[in-house]
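Thank you for letting me take a few minutes today.

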Amino acid sequence: MITALEVTPAWYLVLGAVLFSIGAFGLLIRRNPLVMFMCVELMLNAVTLTFVTFSRMLEDTGGQSIVVFVLVVAAAEVVVGLAIIVALLRKRPDATADDVALLEG
Amino acid sequence: MSVELFVFVVAGGACLAGAIGVVASTHPVHAALSLVGTLFGIAVLFVAQEANFLAAVQVIVYAGAIVVLFLFVIMLLGVDRADDLEVEPLIGQRVAAAIVSLGILALTFGAIASTGYEATGAVVGFDEDVPDINRLGESLFTTYLFAFEITSILLVIAIAGAVLMARHSRRSDEIVDPGQEERAEEIAERMEAAERRAHPELAIGNGHRRGDGEGADAGDAESEPEEVGR
């Protein structure tokens, strides 16, 4: 039994950093606009985890309040982004990120 | 093994597995379901850090609303085809993406390590006896009241924008699609061939009628069900 191993807040920060980079990697390599959006959600979640961790480390509720605002912005972003994707995919069902220039004008 | 370590390993593992699933799954539906795994893992980690209200909100808003919205879009638009991840459309894109994301990772690790794994800044300190939801409510409705009110405007704008963009409008016909004429021609040809097979005696008459301006329009109208059926 490992009893000496204690979970410090830094573990959560490291996990958040790893999640953020996985999300960034996915955002850069995927070409399906829907999956790219999911990767953005992944990055936002990594950041909220970091905020909650700092909130606990500093015993400051401000970190948790910021998470509420991040949630609201994420919801608004998903609604508008998915509306754009719907408009795009209705025109071209096989559209990738390269075809977003189609919406121009 | 302490309880907190066990919770961290299980929830963190779920987060990482889900994140890799989102990036690596070829099918958008599988990616959305992997995203749920990550979101639940993060909700558990919120509980482990005494942010119970945020954990509940995380599950309700993310897993309950945002992922469902993703699934609705995937299924309603019929784009649930698997992507081919073998081909790399831009040469060197993956290598560059790996370098950039590893750079981000190194930067954040460096930032965490440089402070000796401790938060720098004043510890505010809160009353442990007050539940986290009370403290959060007090913070939102006093310190962050103005920002809180602004988010309501943001949400109204988002709803209006979504309705405006997702609405079927006549003007969408005017959007120029580079591949449209090519496809319309191909479909018209295929329709003609099929008609000729079905009615060999009318072949000459059909071919003549398709020749004039109406042919392109008819082909265009047929293109919609063709795409959906694929």
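This is a predicted model: local features need pLDDT of at least 70, side-chain atom pairs count only at pLDDT 80 or more; totals for chains, interfaces and linings use all residues.

I begin with one residue, Glu50(B), which is found in the loop that joins H2 and H3 of chain B, where helices are DSSP runs of H or I with at least four residues, strands are runs of E with at least two, and both are numbered from the N terminus. Although Glu50(B) is not a glycine, its phi is positive, at about 65°. For background, most residues other than glycine have a negative phi. Glu50(B) counts as partly exposed because it has 15 C-beta neighbours inside 10 Å; by the definition used here, a residue is buried if 20 or more other C-beta atoms lie within 10 Å of its own, exposed if 12 or fewer, and partly exposed in between, with the C-beta atoms placed from the backbone.

Residues are numbered from 1 along each chain as its sequence is written, and chains are lettered from A, and ligands numbered from 1, in the order in which they are written.

With 16 other C-beta atoms within 10 Å, Glu59(A) is partly exposed.

Chain A has 3 helices and 0 strands, and its radius of gyration is 18 Å, well over the 13 Å that the globule rule gives for 105 residues, so chain A is more spread out than a compact globule; here the radius is taken over C-alpha atoms, and the rule is 2.2 Å times the number of residues to the power 0.38. The C-alpha trace of chain A spans about 60 × 30 × 20 Å along its principal axes, and 51% of its 105 residues count as buried. Chain B, in turn, has 9 helices and 0 strands, and of its 230 residues 18% count as buried.

How many residues of each chain are in contact with the other chain? The count is 67 residues of chain A and 76 residues of chain B, two residues being in contact if their C-beta atoms, placed from the backbone, lie within 7 Å. On the chain A side, H1 (9–29), H2 (33–57) and H3 (62–91) each supply at least two residues, and H3(A) gives the most, with 22. That side of chain A divides into 48 nonpolar, 11 polar and 8 charged residues, where Ala, Val, Leu, Ile, Met, Phe, Trp, Tyr, Cys and Pro count as nonpolar, Asp, Glu, Lys and Arg as charged, and the others, Gly among them, as polar.

Leaving aside residues up to four places away in sequence, Phe46(B) touches Val52(A), Ala51(B), Leu54(B), Ala55(B) and Gln58(B).

Finally, two helix pairs. H2(A) and H3(B) pack at about 175° with their axes 12 Å apart, the axes being lines fitted to C-alpha atoms, for helices over the stretch in contact, and the angles running from 0 to 180 degrees between N-to-C directions. H2(A) and H3(B) are therefore roughly antiparallel, since angles under 35 degrees count as roughly parallel, over 145 as roughly antiparallel, 65 to 115 as roughly perpendicular and the rest as oblique. Their contact has 8 nonpolar residues, no polar ones and 1 charged.

The axes of H3(A) and H5(B), residues 132–141, come within 9 Å and cross at roughly 70°, and these two helices are therefore roughly perpendicular to each other. Gly62(A), Gln64(A), Ser65(A) and Val68(A) of H3(A) make this contact with Leu136(B), Ser139(B) and Leu140(B) of H5(B).
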